[in-house]
Amino acid sequence: MKLVVQVKLLPTPEQAAALEATLRGCNQAADLVARTAFTTGITREYDLRKHTYTVLKARGLGAQAAQHVIKKVADACTTLKANLRAGNLGPPGSRRRTRAESRPITFRPHAAQPYDDRCLSWQPHARTVSIWTIAGRLRAIAFTCSKRQLAMLVAHRKGESDLVSRDGMWFLIATCDLPEVPLTAPNGFTGVDLGIVNIATTGDGLRHSGKGLNAVRHRHRELRRRLQAKATKSAQRLLKKRRRAEARFAANTNHVIAKRIVTEAERTGRGIALEDLQGIRERVRLRKPQRVTLHSWSFAQLGGFIAYKARRAGIALIHVDPACTSRQCSACGHTDRANRPEQAVFSCTSCGFAEHADVNAARNIAARGVAGWAVSHAA
């Protein structure tokens with residue numbers, strides 16, 4: 001199981017200047033390789049290496065840095081082709097797709113640069129790293145992290161690490177390869193209904209309200225609108241300072257919710273059943289005022305957090321079809337649009353069963369999880 005550990009670097013001003021020059025140089029080299037790939041039509045890493053490796057070495061890149069730049073471009077080309085095949089950039093002939101196909105891939109000046117153990121060495125007990133730069137090898141760059149992160153680095157770090165520059169700060173994102181935890185046979189399933197009014201609701205009746213998160217999103221949206229309209233230098237500085245505050249708050253909220261759901265499932269010995277909401281933004285049609293709320297809904301992030309935390313704990317996880325879970329009666333199975341007269345109310349028109357709508361949906365998801373698990377593990 002692969003996880004990442006993010007540590008913050010504490011470079012001196014001279015070291016920070018060398019790191020910045022390195023990122024800029026590597027990404028300028030990546031732009032050069034991308035232009036070569038676009039003009040020649042060559043996107044395989046091995047073939048790109050024949051055309052660009054010597055040029056990159058002449059620009060001052062080390063051998064491993066040049067290899068990583070070429071691989072980064074090849075991976076970006078593969079991702080672009082996959083997005084085109086999946087229709088993620090629109091249908092053929094659309095403006096967005098045409099723009100993506102008509103020009104080479106470009107990289108931001110501070111885009112992340114991968115490092116391996118040949119050009120980056122860790123001294124975890126001293127909390128320092130030694131890293132290759134265009135200006136030469138930088139040694140004893142201090143970093144800081146929590147004790148838990150440090151223990152994971154010492155025990156499980158393996159593979160590449162990415163150098164990242166964010167808001168004037170420097171980070172290394174290291175890959176850790178943890179041993180797989182044996183999956184425990186579930187004693188039933190707890191269903192989790194994901195939503196906007198209630199971020200997550202379980203079949204046991206535990207509701208995680210989205211009121212606080214939605215209020216924060218609304219406040220940040222109004223603040224951005226006013227600052228953008230003001231358009232002064234101080235307003236731009238404040239916008240830059242706060243641009244990731246909402247995302248950090250939402251991620252922390254999702255982490256807390258995911259931990260509580262997984263902890264409860266582990267305590268009761270049950271598995272977790274989630275809705276498969278992939279593509280919901282394309283399927284749902286809403287009025288214009290509601291679109292902002294839908295597109296800021298971070299259900300995929302919450303689902304990912306629940307998935308990896310469940311995997312670390314050895315808890316079974318299954319995704320089920322979400323169709324009609326909010327209209328189906330969890331008591332008798334009757335499905336009708338009239339079963340849900342209001343957003344929070346479920347009242348079965350057949351048997352008279354009444355419950356909070358999200359709790360009823362979570363119980364339906366749990367039932368589908370039990371059925372799906374039985375089918376997939378019948379052998």
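**Questions and answers on the structure**

User: How many helices and strands does the secondary structure of the protein chain hold?

Analyst: This is a predicted model, in which local features need pLDDT of at least 70 and side-chain atom pairs count only at pLDDT 80 or more, while totals for chains, interfaces and linings use all residues. Residues are numbered from 1 along each chain as its sequence is written, and side-chain values use heavy atoms, leaving out hydrogens and water. Helices (H or I, at least four residues) and strands (E, at least two) are DSSP runs, numbered from the N terminus. On that basis, the protein chain has twelve helices and 14 strands.

User: What share of the residues in the protein chain is buried?

Analyst: Along the principal axes, the C-alpha atoms of the protein chain fill a box of roughly 75 × 45 × 45 Å. A residue is buried under 20% relative accessible area, exposed over 50% and partly exposed in between, with a 1.4 Å probe and protein chains only. Of the 379 residues in the protein chain, the buried share is 39%.

User: What percentage of the contacts in the protein chain with a separation of 6 or more comes from residues 24 or more positions apart?

Analyst: A contact means heavy atoms within 4.5 Å. Among contacts with a separation of 6 or more, residues 24 or more positions apart account for 63%.

User: Which helix and which strand hold the residues of the pair formed by Phe 189 and Trp 373?

Analyst: The pair of Phe 189 and Trp 373 is tilted, at 5.7 Å centre to centre and 55° between the planes. Both Phe 189 and Trp 373 are buried. The pair ties together parts 184 residues apart in sequence, because Trp 373 lies in helix α12 (residues 357–376) and Phe 189 in strand β8 (residues 189–194).

User: Over the face of which residue does Arg 166 lie?

Analyst: A charge sits over a ring if NZ of Lys or CZ of Arg is within 6 Å of the ring centre and within 35 degrees of the ring normal. Arg 166 is 4.9 Å from the ring centre of Phe 171.

User: At which residue does helix α2 bend?

Analyst: Helix α2 (residues 45–58) has 14 residues and spans 19 Å from first to last C-alpha, close to the expected 20 Å; the expected span is 1.5 Å times one less than the number of residues. A bend is the angle between axes fitted to the seven residues ending at a residue and the seven starting there. The buried residues of α2 are Leu 48, Thr 52 and Leu 56, and their cover includes α1 (13–40) and α3 (63–86). The bend of α2, about 50°, is at Thr 52.

User: How many disulfides are there?

Analyst: A disulfide is a pair of cysteine sulfur atoms within 2.5 Å. The sulfur of Cys 332, a partly exposed residue at 40%, is 3.6 Å from its closest cysteine sulfur, in Cys 351, which is too far for a bond. The sulfur of Cys 77, which is buried at 10%, is 17 Å from that of Cys 26, its closest, and again too far. The count of disulfides is zero.

User: In which loop does Asp 167 lie?

Analyst: Most residues other than glycine have a negative phi. Asp 167 is not a glycine, yet has a positive phi of about 55°. Asp 167 is partly exposed at 34%, and its place is the loop between β6 (157–166) and β7 (169–177).

Key. Rings of Phe, Tyr and Trp (its six-membered ring) pair if their centres lie within 6.5 Å; planes under 30 degrees apart count as stacked, over 60 as edge-to-face and the rest as tilted.
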